[in-house]
Amino acid sequence: MAGGYKAAYGLELAGGRVVLARATRRSAPQVVYAGGADSEEARRLLAAVAREAERGSAALAAAAPAEQTVIRRLQAPFASVRKAARVWASLLDVELPFPVEGAVCAYSSPRLADGGTVAVAAAIRQGDLAAFRDACRAAGFEPTHADAEGLALWEQLAVDTPPARAGQPRALVWLGAGHVLVLRGRGTALLAAHLLRASPGENGTDAQEAFDRLWGARMGPILAAHLAETESAELDVWWAGSGAEDDELTGRLRRLLPAGLALRHETVRQPASLLARALARRAANGAGVNFCTGEFAHPARLRKEGRARRAAVAGAAAAALAVLGLNAGEAVLRQRRDAGQQERLTAAARAIAGPVVPRGQEVLMAERALARRDEETQAFRRALDPEGLEAQLVGVLEDAAALDLDVSRLALSPLALAMEGSAASIQAIERLTERLEARGWAVQSDTPGRTSDDRQRFILKGAARHEG
Amino acid sequence: MKAERAWMAGAAGLALAAVAASLHMGLSAGRHREILGRKAGDLARIEQMANRWAREDAYRARLESLGAWQPADLDALAARTIGAGAVRLSPRPAVPAADGWQRREVAVEIPQAAYAEAVRFFAAAADTLPAWRLKEIELRPSAEAGSGSLTAVLEALEKKQP
């Protein structure tokens, strides 16, 4: 709802009577006052409502004069709401008896139908709207909302008495104080609105006869056309307005309708307040048309909308600041996490590589330091070796003795082994080679001939597979 | 109206900045995670490296806690295990090792000895603290089985007493 009203009043002021209804966003409209416009209570209520509207705490909706409001059903030939929205003004311009540029127009929510897009438009000349506003001011109030009477009545009929089935043809006859409005449609969809610029309740035989003639001449073709258009055999006719409370009047009007039409007549509940309740409900829930826009906007509404706009801007700014704050917090958190991790990394690298460790080279510096330290700590590793070269020496000597080898030279270091001598057989040399392999040496053997006592000479050279 | 426009422009600017900051944070989150992951990986590698010399460090600490700053006297050890004058010792210059310690090498020459005695000598030297460990050896047996000449290099660690 524009301006965000929590409550709204619907006001009908016609024929010296006031009907005032109040609705909130969540509650159904209730009649606050229905009675003479000249009463003290009516004046007091109107003044109170005008003050509420002035403060911006409630909307005050009135219906723009029906005789000056044009309602048309528009159909765009494409099934795209966005595309159709571009041509509504052009389509309406064709339908209007005045230029669309000089009018205030409003369009209902479009819907897709028959392969096209359908919307109901309402328009009023700017001059007529200005005159309506001036008349309201002269009566002691200024509405925040000027709704289209026909649209409001039709929608309220659907709210009060929803159609039994979706395509059910129905009509609403609004017997107002100064005019009669006939609305016809199918289900909840409004197809057309017809205005009779006369009232059946006017006093005087001549006036009544004139109205009856007009009624008989207009209503027969309208209802017959509706039945033909909706391809229906029967039609529900709903009666509303202050005149609908007069059974004698409605009976007279029914009798004047063509006898050949299959019509079912019903009177809506609270018929006199249908318009006021419709106006209040539509203003409260924002579903209604409001011609009071632009230069016709109510100052209080403009102020309220301005406040709402500023609040929205402030809210957006606050939200943006909150998001920026969250982002800043996240950035600080990330920086701290990164700094903490870097600190641990640097400390670990410094423990190995010394105090100077350039950022990003921690692993490299640590590896270099370890390579240096590897050399420095070799003696400690050798000292810790549980077996060492001593055990290797004892093992090699024991193997040689066990295999009956004569060793003429044995050189042993952690990395290399060299052994020369003689053996009783090639097999003994091979077994020694196997044992040395088992002790971790990669051995190459050579057998360069035999000794004078016919023993097999051998030369073994070994390389350690792993440094001790 | 001007003030309202200024407010709206300000709010729009803030909203834009918020969107840009959010986008930046969102897009850089992966990179940030990658950097943290890489650093965690580097840290794990370095911590692994730091533990590489744990045994050596513990040994050094043990030597220091026992006050074992100098290796045993090889001359006395040789006299006890092989016999007086049977061994010629030639100390070599000390080489720096880790944490103020030095690596000391001694060339050992035994012109003639039973290998069993020589092995006892080396074992006794290895039992001292800091240990004399055999670094290299070459032996040339004589005609008598189980004996001959040998040359060896023994290595030990030493540190000036603090």
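Strand 15 (residues 406–412) of chain A and strand 4 of chain B run antiparallel and are linked by 3 bridges. Strands pair if DSSP finds at least two bridges between them. Helices (H or I, at least four residues) and strands (E, at least two) are DSSP runs, numbered from the N terminus. The model is predicted: local features need pLDDT of at least 70, side-chain atom pairs count only at pLDDT 80 or more, and totals for chains, interfaces and linings use all residues. Residues are numbered from 1 along each chain as its sequence is written, and chains are lettered from A and ligands numbered from 1 in the order in which they are written.

The interface involves 51 residues of chain B and 47 residues of chain A. Contact here requires C-beta atoms, placed from the backbone, within 7 Å. On the chain B side, two or more residues each come from helix 1 (2–50), helix 2 (54–66), helix 4 (115–127), strand 4 (133–141) and strand 5 (147–158). Helix 1 of chain B gives the most, 24 residues. By class, this side has 32 nonpolar, 3 polar and 16 charged residues. Nonpolar covers Ala, Val, Leu, Ile, Met, Phe, Trp, Tyr, Cys and Pro; charged covers Asp, Glu, Lys and Arg; the others, Gly among them, are polar.

Chain A contains 13 helices and 18 strands. Of its 468 residues, 35% count as buried, a label given when 20 or more other C-beta atoms lie within 10 Å of the residue's own. Among contacts in chain A with a separation of 6 or more, 64% link residues 24 or more positions apart.

An open sheet in chain A has 5 strands in the order 3-2-1-4-9, with mixed pairing. Strand 3 (30–36) and strand 9 (145–148) are its edges, each pairing on one side only. Neighbouring strands are turned by 25° against each other on average, direction ignored. Within chain A, strand 1 (residues 7–14) runs parallel to strand 4 (residues 59–64), with 4 bridges between them. Leu11(A) stands opposite Ala62(A) of strand 4. Helix 1 (residues 40–55) of chain A lies across strand 1, strand 2 (17–24), strand 3 and strand 4, at about 135° to strand 3. Helix 5 (residues 149–160) of chain A also packs on the sheet, touching strand 4 and strand 9, and makes about 75° with strand 9. Angles run from 0 to 180 degrees between N-to-C directions, with axes fitted to C-alpha atoms, for helices over the stretch in contact.

The axes of helix 5 and helix 8 of chain A come within 9 Å and cross at roughly 90°. Helix 5 of chain A is therefore roughly perpendicular to helix 8 of chain A, the class for 65 to 115 degrees. Contributors include Ala152(A) and Leu153(A) of helix 5, and Leu275(A) and Leu279(A) of helix 8. The contact comprises 6 nonpolar, 1 polar and 5 charged residues.

The largest nonpolar core has 86 residues, and Tyr9(A), Leu153(A) and Leu279(A) have the most contacts inside it. Such a core is a set of buried Ala, Val, Leu, Ile, Met, Phe, Trp, Tyr and Cys residues joined through C-beta atoms within 7 Å. Helix 8 (residues 274–285) of chain A supplies its largest share, 8 residues. Residues touched by Leu279(A) include Leu11(A), Ala62(A) and Ala152(A), not counting residues up to four places away in sequence. A second, separate core of 47 residues includes Ala400(A), Leu432(A), Tyr115(B) and Ala125(B).

Conventions. Contact = placed C-beta atoms within 7 Å. Buried ≥ 20, exposed ≤ 12 C-beta atoms within 10 Å, placed from the backbone. Parallel < 35°, antiparallel > 145°, perpendicular 65-115°, else oblique.
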